Amino acid sequence: MAALLDNAEQWGLEDRRLAVGRSLLGAAQLSVIAFSSDRTLFLDVPDSSPVTKCAGVGALALRCLAGTDPDVLTACRFLCIAILLAVAVGFSPRWTCIPHFYVAFSLNTSLTAPDGGENVAQLATMLLIPISLADRRVWQWSRPRAPVTKRARGSSYAAHLVIRLQVAIIYGWAAVSKFGSPGWRHGTAIEAIFNDPSEGLPSALLVALHPLVKSPALMATATWSVIAVELAIAISMFGRRPARTYALGAVIALHLAIMLIMGLFSFGLIMIAMVTIASVDGSIRKGPESSVKPAYQRCEEILSDR
């Protein structure tokens with residue numbers, strides 16, 4: 001508890017990974033909206049009609065509010081592009097964080113063929129709101145002129161802790177759930193993915209790598225390594241910055257491989273962005289030392305008085 005109090009007391013925005021994570025998150029969502037048609041994003045599939053998608057909280061999504069007028073839908077698309085472009089270039093996190101969350105919520109609610117990244121992006125943008133509201137910079141790439149206000153430090157740090165917890169849950173569950181699949185338990189899942197006709201390796205590359213793909217020992221090692229890496233990423237979120245930095249490297253390597261093999265570009269960028277944000281060390285605020293005593297000293301004084 002003393003360590004948590006100290007970290008909250010010293011929370012700052014100097015770590016550039018926070019800016020990089022925000023920009024990657026915006027760029028990933030921007031790639032979905034800018035380079036995908038409405039037919040691709042909003043497929044007509046069973047149980048996904050506009051009526052079912054716009055029920056309950058989903059009725060607040062931008063596509064539901066826009067209706068079916070093509071001109072209005074086009075205007076909404078350009079509005080989303082403008083918001084995500086502002087996020088990607090790092091303009092005023094304080095004023096773009098809530099619009100960014102609304103775009104993420106609208107995408108996650110309205111898409112009929114999501115790849116999982118939209119749900120993660122909605123969680124990330126929601127948890128970034130307390131952090132971004134404390135950021136008074138016009139551009140997130142500039143050095144903060146003043147430390148985060150005392151009132152905002154606790155909520156910002158708490159939001160960051162929840163982001164780390166969310167990353168741990170995502171990768172921990174991804175690893176544990178694989179034990180329920182015979183392919184992952186027996187070490188053949190990666191070989192099956194490589195040979196998948198729709199999401200596997202290109203035929204020419206599959207032929208070139210045939211000796212490796214047909215090696216049971218190598219494929220079993222690759223399959224179980226994925227589970228081990230995901231578990232390590234989950235555990236690292238409870239560690240200090242160096243552990244989370246190693247986890248970030250593992251996430252980048254893992255999702256770059258998934259991008260190359262399965263083509264999940266936006267999903268990979270979103271996950272890399274979220275782990276980049278989770279790896280931030282917000283307790284490196286520069287400037288004069290705080291006049292407030294370290295938390296462990298305050299705890300000791302309270303205990304000694306009793």
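Predicted model: local features only at pLDDT ≥ 70, side-chain atom pairs only at ≥ 80, totals over all residues.

I begin with the largest pocket, which is lined by 25 residues; nearest its centre lie Lys-178, Val-226, Glu-230, Leu-254 and Ile-258. The elements that give two or more residues to this lining are α9 (150-178), α11 (189-194), α14 (216-236), α15 (241-262) and α16 (265-278). The largest share, eight residues, comes from α15.

Residues are numbered from 1 along each chain as its sequence is written, and side-chain values use heavy atoms, with hydrogens and water left out. On a 1 Å grid over the protein atoms alone, a pocket is an open set of points with protein on both sides within 12 Å along at least five of seven lines, a cavity is a set where a 1.4 Å probe fits but cannot get out, and lining residues have an atom within 4 Å of a point. Helices are DSSP runs (H or I, at least four residues), numbered from the N terminus.

The volume of the largest pocket is about 560 Å³, a volume being the space filled by probe spheres set on the grid points, which are joined across faces, edges and corners. By class, its lining has 21 nonpolar, two polar and two charged residues. Here Ala, Val, Leu, Ile, Met, Phe, Trp, Tyr, Cys and Pro count as nonpolar, Asp, Glu, Lys and Arg as charged, and the others, Gly among them, as polar.

What lines the second largest pocket? Its lining has 19 residues, with Asn-7, Tyr-157, Arg-164, Gly-239 and Arg-244 nearest the centre. The volume of this pocket is about 390 Å³. α9 gives the most to its lining, five residues, and the classes are nine nonpolar, five polar and five charged.

The structure holds three cavities of 30 Å³ or more. The second largest cavity has a volume of about 110 Å³, and among its 13 lining residues, Arg-22, Val-87, Thr-96, His-100 and Ser-132 lie nearest its centre. α7 gives the most to this lining, with four residues.

Finally, the surface. Val-89 is found in helix α6 (residues 70-89). Thank you.
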